[in-house]
Amino acid sequence: MLDVSGLSKTYGEGRRVTHAIADLSFSVSEGEFVCVVGPSGCGKTTLLRCMAGLLAPTSGRVALRGQVVDGPPEQIGFVFQEYSRSLMPWLSLRDNIALPLRHKALGRDERNRLVEDAVESVGLTGFMDHYPWELSGGMQQRVAIARALAYQPEILLMDEPFASVDAQTRADLEDLVLRVRTAYGVTVVFVTHDIDEAVYLGDRVVVLTPPPTAVQEVLPVALPEPRDQVETKELPEFAHLRAHIFRSIKRKQDDTPDLPAPT
Amino acid sequence: MTTQRVRTARPRARAVAQTWSGVAAVLVLAELASRTGLLPRRYFPPVTEMFAELGRQLTEPSFWSAVAQTLQGWALGLGIAAVFAVPAGMLLGTSAVRYRAFRVIIEFLRPIPSVALVPLAILVYGVGLESKVFLAAFAAFWPLLIQTLYGMQDVDPVALDTARVYRLGRVERLTRVVLPGAVPYVATGLRISSSVALILAVTAELVIGSPGLGREINAARVGGATDLLYALIIVTGLLGWALNALFAAGERRVLHWHPSQRDAR
């Protein structure tokens with residue numbers, strides 16, 4: 001459904017050139033939940049921005065159902081790590097969530113229904129007329145997720161969405177994402193630096209190398225559904241997978257000389 | 001419930017008392033200094049006499065028309081400045097090329113004290129309202145231009161990426177993301193420009209003799225009416241304070257979402 005092939009991205013030129021991504025290829029199938037995990041500074045965000053059509057790759061391409069992505073496609077919804085900056089502080093929850101819907105050919109009732117369903121699915125009914133800054137960080141990220149869902153994307157790209165919330169909220173949000181993924185039947189590409197999170201959420205985990213970034217390995221996650229914060233993480237397979245990925249990243253990091261990591 | 005109200009009411013009452021006790025102390029000292037002859041009474045009449053004169057002026061139609069004339073110069077100057085500065089700031093703030101092309105001109109013109117343009121204003125517009133408006137508009141233009149420009153440049157890249165990824169068009173990105181984000185800057189610019197426009201309006205009246213409070217102050221000096229002189233100075237101060245309060249109240253309403261105003265809700 002979504003194919004990344006031979007993708008590379010360099011910043012700058014001449015002697016100050018930085019190879020953020022050397023050569024990346026992987027694909028995402030319909031309905032899949034793919035987690036992309038890698039050491040910090042390995043160009044995860046750059047990769048996701050290329051996939052969203054926000055950034056043009058230096059070479060290689062991203063294709064969505066065979067169509068080359070050269071600008072944000074309408075089938076893609078995006079959740080940013082910086083929820084407080086991604087939500088407009090001058091708009092209420094309702095208006096924030098409805099903002100991307102202006103271009104969809106929808107009646108007013110239909111639009112309201114989409115917004116209300118999305119808000120309900122993230123558990124924020126009753127906060128419709130609040131402003132984002134009146135809510136906690138975790139709740140703000142729920143709003144950003146609701147905005148993406150109301151947009152009815154086929155693919156949801158999430159860029160380290162829970163990196164700046166506390167552990168308990170993070171667990172709640174992880175389960176929320178798994179729930180809405182099923183409810184909305186959406187394909188998810190989820191970038192994280194947290195190995196546990198990647199294994200817990202993903203159907204497959206794409207492990208990246210340190211920069212210049214390439215795919216180190218792709219692992220299928222054969223953990224039973226539905227996932228559960230306690231039971232899933234107790235399973236030997238879970239421990240095995242997370243240890244495997246951890247060693248894989250560690251080994252690669254030890255192999256490569258210390259390069260200044262691009263941020 | 002009652003105890004709680006008392007508990008919140010008492011510090012507020014105390015804060016108000018503290019604020020005004022300072023004012024009262026200064027006024028009493030000034031009054032005593034003049035009455036006891038510590039300050040020459042000819043130049044520093046007692047505060048009570050200044051305010052008595054001010055009270056008399058409030059019943060004079062000529063006083064009110066001077067106030068109106070000053071406010072007219074202020075309003076026209078600020079209005080004209082806003083009409084030019086805000087769109088210019090928007091144009092320059094949305095394009096690095098345009099900004100670079102005009103930056104030197106702006107940096108050259110901006111530091112010119114508007115008062116230095118008084119002779120030019122007289123030459124071109126004479127000694128009437130037009131000169132006053134020209135000077136006020138010139139002075140008010142710059143803070144507003146710079147603030148608008150900064151506001152347009154300070155748009156959050158994440159907010160802009162959000163707008164792009166959700167396929168908002170160029171115009172919508174401008175009207176729905178960039179402009180609302182720039183409003184706090186424009187509001188600050190307006191408040192600064194308002195003060196500047198008032199200062200220049202009064203200056204023009206003083207120096208050129210355009211009709212208004214400034215000219216009345218000069219007339220009071222010539223006529224040796226020291227009480228009136230002070231009364232009018234007090235009025236210009238009150239005017240500046242009132243206009244600032246007006247803009248601050250407007251900001252609270254429009255920018256209720258902004259971090260600087262959130263506590264005020």
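**Close-up 1. Where α9(B) meets α10(B).** In this predicted model, L213(B), E216(B), I217(B), A220(B) and R221(B) of α9(B) touch L228(B), L229(B), L232(B), I233(B), V235(B) and T236(B) of α10(B); contact here is a pair of C-beta atoms, placed from the backbone, within 7 Å. Sorted by class, that contact holds eight nonpolar, one polar and two charged residues (nonpolar is Ala, Val, Leu, Ile, Met, Phe, Trp, Tyr, Cys and Pro; charged is Asp, Glu, Lys and Arg; polar is the others, Gly among them). The helices cover residues 213–222 for α9(B) and 226–254 for α10(B), and their axes come within 8 Å and cross at roughly 160°. Axes are lines fitted to C-alpha atoms, for helices over the stretch in contact, with angles running from 0 to 180 degrees between N-to-C directions. So α9(B) and α10(B) count as roughly antiparallel (over 145 degrees; under 35 is roughly parallel, 65 to 115 roughly perpendicular, the rest oblique). The crossing is left-handed, as the near helix is turned anticlockwise from the far one by less than a right angle; clockwise would be right-handed.

A word on ground rules: residues are numbered from 1 along each chain as its sequence is written, while chains are lettered from A and ligands numbered from 1 in the order in which they are written. Since the model is predicted, local features need pLDDT of at least 70 and side-chain atom pairs count only at pLDDT 80 or more, whereas totals for chains, interfaces and linings use all residues.

**Close-up 2. α7(B) against α8(B).** Residues 157–165 make up α7(B) and residues 170–207 make up α8(B); the two pack at about 165° with axes 10 Å apart. That angle makes α7(B) and α8(B) roughly antiparallel too, and their crossing is right-handed. A159(B), L160(B) and A163(B) of α7(B) face R173(B), R176(B), V177(B) and G181(B) of α8(B) in the contact. By class, that gives four nonpolar, one polar and two charged residues.

Close-up 3. Residues 74–96 are 91% helix and 0% strand, with end C-alpha atoms 33 Å apart. For residues 133–150, the figures are 100% helix, 0% strand and 26 Å. Helices (H or I, at least four residues) and strands (E, at least two) are DSSP runs, numbered from the N terminus. The unreviewed UniProt entry also places "domain: ABC transmembrane type-1" at residues 67–247, a span that is 85% helix and 0% strand with its end C-alpha atoms 19 Å apart.

**Close-up 4. Two cis prolines in chain A.** The bond from P211(A) to P212(A) is cis, with omega near -5°. P212(A) sits in the loop between β9 (204–208) and β10 (213–220). E225(A) and P226(A) are also joined by a cis peptide bond, with omega about -10°, and P226(A) belongs to the loop between β10 and α8 (231–234) of chain A.

**Close-up 5. Positive phi outside glycine.** R65(A), in the loop between β4 (59–64) and β5 (67–68), has phi of about 50°. R65(A) is exposed because 11 other C-beta atoms lie within 10 Å (exposed is 12 or fewer, buried 20 or more, partly exposed in between, with C-beta atoms placed from the backbone). Buried or exposed: which is E160(A)? E160(A) is buried, with 21 C-beta neighbours inside 10 Å; its phi is near 40°, and its loop runs between β7 (155–159) and α6 (167–184) of chain A.

Conventions:
UniProt positions renumbered as here; feature names shortened; annotations may be inferred. Contact = placed C-beta atoms within 7 Å.
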